[in-house]
Amino acid sequence: YSVVGVRERSLDEALECIGVAGYTHVELCGMDPHLGEVPTGTALQQLKQKLDSTGVSAGTLHAPLERNVLGAPEETWRATQVGVNVDYMRLSAEVGANGMSIHPVPNPRFVDDPDDPGLPNAMRTAARRSLDDLIKNTPADGLVCGFGEVNTHRTAICCYDYTVLAG
C-alpha cells in the first residue's frame, strides 16, 4: 500500500494505519509530508524502527515527483536530479526496499520554458522510443543502478551516462 493513500497523516501515522490495516509492504514516497527530504542519522534510524514496529516493510520507494526526472530537458536540471535520485537510492537500500520508481521524462508544467516549440517533440521522442530502438541506437544511455552489500551494509550504486541522448 502506498503512503500516498494516507498523505494527510504524518509518516509515522501513515505507517501505523497501513500496518493496522494488515498490509505488510509499503511504497514509501519521496515527497512531503513524508519523505520530502532523505532522512539521515537519527531520523533514518527512527524510520527503520517505525517500519519494524508496525510490521511493515519497504516494498518500494518512489523518488520525489514533479521536477525529479531522469530525462530533464536541461543539463543543469538533469545533473541536479541525478544527485537527488542517488540520495533516494541510498535510502531505498537503507530501508531494504526491493525496488525504486523514478519518472523518465518531465511533466510539461515543471519545465522552465513550457512554450519552447521544441519541448513537445523532445518529450514525445523520449517517451515513445521503443526498447528495441533505444537498445540499437543508445546502448550506453541511461541510469544504471544496482543494490548490493559492502562491509555488511546494504548499498545502492548508480551511474548516469551523460553522453548519449542526454535530454
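**Group meeting: a walk through one predicted chain**

Let me start with confidence. The mean pLDDT of the chain is 76, and 63% of its residues reach 70 or more. pLDDT is the predictor's confidence in each residue, on a scale from 0 to 100. This is a predicted model, so to speak of local features we need pLDDT of at least 70, side-chain atom pairs count only at pLDDT 80 or more, and totals for chains, interfaces and linings use all residues. Residues are numbered from 1 along each chain as its sequence is written, and side-chain values use heavy atoms, with hydrogens and water left out.

Where is confidence lowest, and where is it highest? The lowest is in helix H5, residues 131-137, at a mean of 58. The highest is in H2, at 95.

Now the overall layout. The chain has five helices and five strands. Both are DSSP runs, numbered from the N terminus: helices are H or I with at least four residues, strands are E with at least two. Along the sequence, the pattern reads α-β-α-β-α-β-α-α-β-β. The chain holds 167 residues, and 35% of them count as buried. Buried means under 20% relative accessible area, exposed means over 50%, and partly exposed is in between, with a 1.4 Å probe and protein chains only.

On to the sheet. Three strands form an open sheet in the order S1-S2-S3, with parallel pairing. Two strands pair if DSSP finds at least two bridges between them. Which strands stand at the edges? They are S1 (25-29) and S3 (99-101). Each has a single partner strand, so one side of each is left without a neighbour in the sheet. Neighbouring strands here are turned by 30° against each other on average, direction ignored. For that angle, axes are lines fitted to C-alpha atoms, for helices over the stretch in contact, and angles run from 0 to 180 degrees between N-to-C directions.

Let's look at the pairs. S1 and S2 run parallel, joined by five bridges. The chain gets from S1 to S2 through H2, and this β-α-β crossover is right-handed. Right-handed means this: point the strands away from the viewer, and the path from the first strand over the helix to the second runs clockwise. Within this pair, His 25 stands opposite Ser 57 in S2. Cys 29 stands opposite His 62 in S2.

Next, S2 (residues 57-62) and S3. Three bridges join these two, and they run parallel. Leu 61 faces Met 100 in S3. His 62 stands opposite Ser 101 in S3.

Now the inside. A nonpolar core is a set of buried Ala, Val, Leu, Ile, Met, Phe, Trp, Tyr and Cys residues joined through side-chain atoms within 4.5 Å. The largest one has 20 residues. Which touch the most other members? They are Val 3, Leu 15, Val 26, Leu 28, Leu 47, Leu 91 and Val 95. Helix H1 (11-20), S1, H2, S2 and helix H3 (75-94) each supply at least two residues of this core. H1 gives the most, with four residues.

Is Cys 29 buried or exposed? Cys 29 counts as buried because its relative accessibility is 4%. Cys 17 sits at 25%, so Cys 17 counts as partly exposed. A disulfide is a pair of cysteine sulfur atoms within 2.5 Å. By this rule the count is zero disulfides.

Glu 16 is found in helix H1. Its relative accessible area is 35%, so Glu 16 is partly exposed. Glu 16 and Ser 53 are 37 residues apart along the chain, yet their C-alpha atoms are separated by 8.8 Å. Gln 46 lies in helix H2, residues 41-54. Gln 46 is partly exposed too, because its relative accessibility is 48%.

Which residues does the cis peptide bond join? It joins Asp 32 and Pro 33, with omega about 10°. Pro 33 has its place in the loop between S1 and H2.
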